[in-house]
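Morning, everyone. Please bring up the sequence and the model, and keep both in view while I talk.

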Amino acid sequence: MGELKVHRVRFFDYMPTAIRAMAFNAHTERLALARMDGSVEIFNFTDHYFQEKVIPGKDSRSIESLCWVGGRLFSAGLNGEIAEYDLENLRPKYSLEAYGGPIWTVISNTQGTQLAIGCEDGTVKLFEVLEEHIQFERNLDRQKGRIISLSWHPSGTHIAAGMMDMIRVFDVPTGHAVQRLLVDRGIGGSKSRETVVWSVAFLSDHTVVSGDSAGKVQVWDGHTGTLVKTHLVTKWDVLALSVSKDESSVVAGTSEGTVIQFQFIAPTLHQQDKEWVRTRTFKNHTHDVRALAEIETAIVSGGMDTHLVVRPLLEKFDEKSHASGLRKIHFPHRNLVSCAKKAGLLLFQFPGQLELWRLGDSDGHGKPGDRLPLKWKPEKLLLLKRKGEDHICCSALSSCGGWLAYSTVSSVRIYRLQTDNNISITKVSKLPKVLRSAHQLCFSSDSSKMFAASSQSSVLVIALTQSECKYVHTLKPKSGSRQPIHLMTTSVDGKWLAAANSDCEIHVYNLQKLKLHCIVPVYGSCPSAMGIHPTTNNLTMVHADQQLFEYSIVEKQYTDWSRKLQKQGLHNVWLDRDTPVTHVTFNPKNPNQVVLHDMHMFCIIDQSLPLPDQKTQFYNQMTLRSLSEQERPSHLHAFKICKTFQDLLCVSLLDDQSLVVVERPLLAITSQLPAPVRQKKFAT
């Protein structure tokens, strides 16, 4: 590709919110994660931890706890409501007032027939899970003080409830409290403060494990109500507990950012009797660990420092592999940046607003790596705040910079922009009635049409003119999939539209005939990024497992280059990357080059060069620089990796052949977090 002028953008102040709760579905291997802004994210742990779905937040929504019942997801929060989510349309299906004040926790029995919630007014309320909704059943004995945490015994006959200074055990059939376990307060000055039992776990043998604000993990005999053992693990709070499926391990998350594992083992080699022993401490967080899930092969944790950590348990692996590596998920697996390639504009998406920026420019020249003097600085042209309480779920900017659109779960808004001299924005007042909300939005290359991903994997085609927006057609897949579309891309000539959904299906539509052209052969991993080549109209797809395919839309088959790549196989260094590719773009001046990026690097794939085999040095840029012009060709291969820029949110190529790189340094995110609890460090 040669030398490129790079716009290094660091003025997108993306700030994720803290992780508040999580729930793991062992049957589907999906992790649901709730954040402080009320949004819910679904990760597919069988597909390289890919962020499959995002349900946008809402100002009035508060989520304290999540719970799976089969394939259904429920949440409860301090607004006093229980909500069930529509995982096909990515919105709350309904919400139900519990009439018990703020709700601190929600759990289900192992049979999936009942939900229990813990309320501020001291009640544990039971709800029956019906086919389409839930229905209030009854209250258990009311207590003095709020119910902070709950755990259902696997048999479904008893519930343990964590409160202030105590744990109550309820007999579910009668609704009466049968045990009261008194929790000691902390030592010293903390004796005057009530102890909050933040988390409880009820095991099959009637052992109750608790974590509290005095920094203790305690083990109780649920039959007799007696304390068996106390582990003082921190001076601060133990906020979360999680139990392994076989109940041989319990993990605890603390305010210090540590995750501590306890195992039910014999404490010495010659001892037969087993007990709960503290075995390991993990330090992968800087702030409170608010949510935990111990799954079959790993411990999953999240909290105030906003990132999700998957910590593999090495004893579950026979050998070191990609799956046994520590994984941190910092950024969403979606695009939050739209680029107007012709106009040199960037649109940044926040939950509550959109920012439109004009890139700076320089007419200077220099050597590779030089910082060029700016002719004009980047300029914020527009700050557009959303209407209503619902957060923005998707947005788009046309390539000419003349149209802007965004959607929430309740409405779509389209604006006409003028950015030449005086900035002006005009809302399009009359929209087609079918355009109620969208999972994804995109514009055609000539800005004459807008495409909105609607329900059941359908796409609405909207014609745009200076004065109005007109509904044209609904493109529907033949597969009958009800899963939401998470990726859309159009061809430069305006003839093709490709749409990918969570069922791993990619449908290609002919926009001239307004009908389905073909379905790309379904691959078992979800597409994470795709793009249509501007000259060949080949569809390039990258999947969550890092596999790369090129598909000829015209010929309805994989290209020769793609078949050669799959036959030879991708380099292990490429496959071992732990963040998915989130954007694909092309070099219109060189049809052989494809540009794509993940969080840590961007890559230029040159299809005219040989593919690297497993013996080839994959990261070879430094080696090439040290070689002479004669020696260099023998070391070249198709994958050119650049790691100069880090923590990438977007990499795109403008029509003037300059590269836009949007970075969000993790240190900038960390610097905006509240201060962590003070910890004693060596020599301080």
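F45 is buried, because its relative accessible area is 9% and buried means under 20%, with exposed over 50% and partly exposed in between (1.4 Å probe, protein chains only).

A word on what you are looking at. This is a predicted model, where local features need pLDDT of at least 70, side-chain atom pairs count only at pLDDT 80 or more, and totals for chains, interfaces and linings use all residues. Residues are numbered from 1 along each chain as its sequence is written, and side-chain values use heavy atoms, with hydrogens and water left out.

Now the rings. Phe, Tyr and Trp rings (for Trp, the six-membered one) pair if their centres lie within 6.5 Å; planes under 30 degrees apart are stacked, over 60 edge-to-face, and the rest tilted. The whole structure has 16 aromatic pairs. One of them joins F24 and F45: it is tilted, with 5.6 Å centre to centre and 55° between the planes. F24 belongs to strand 2 (residues 19-25), while F45 sits in the loop between strand 4 (40-44) and strand 5 (50-55), so the pair ties together parts 21 residues apart in sequence. Strands here are DSSP runs (E, at least two residues), numbered from the N terminus. And F24? At 25% relative accessibility, F24 counts as partly exposed.

Ring pairs also build a cluster: F11, F12, Y14, F331, F348, F350 and W357.

A cavity is a set of points on a 1 Å grid, over the protein atoms alone, where a 1.4 Å probe fits but cannot get out; lining residues have an atom within 4 Å of a point. Volume is the space filled by probe spheres set on the points, which are joined across faces, edges and corners.

How many cavities of 30 Å³ or more does the structure hold? Five.

Last stop, a charge and a ring. R577 has its charged end over the ring of W574, 4.0 Å from the centre. To count, CZ of Arg or NZ of Lys must be within 6 Å of the ring centre and within 35 degrees of the ring normal.

That's the tour. Thanks.

Technical notes: 1 Å grid on protein atoms, 1.4 Å probe; cavity = no way out; pocket = protein on both sides within 12 Å on 5 of 7 lines; lining within 4 Å. Helix = DSSP H or I, 4+ residues; strand = E, 2+ residues; numbered from the N terminus.
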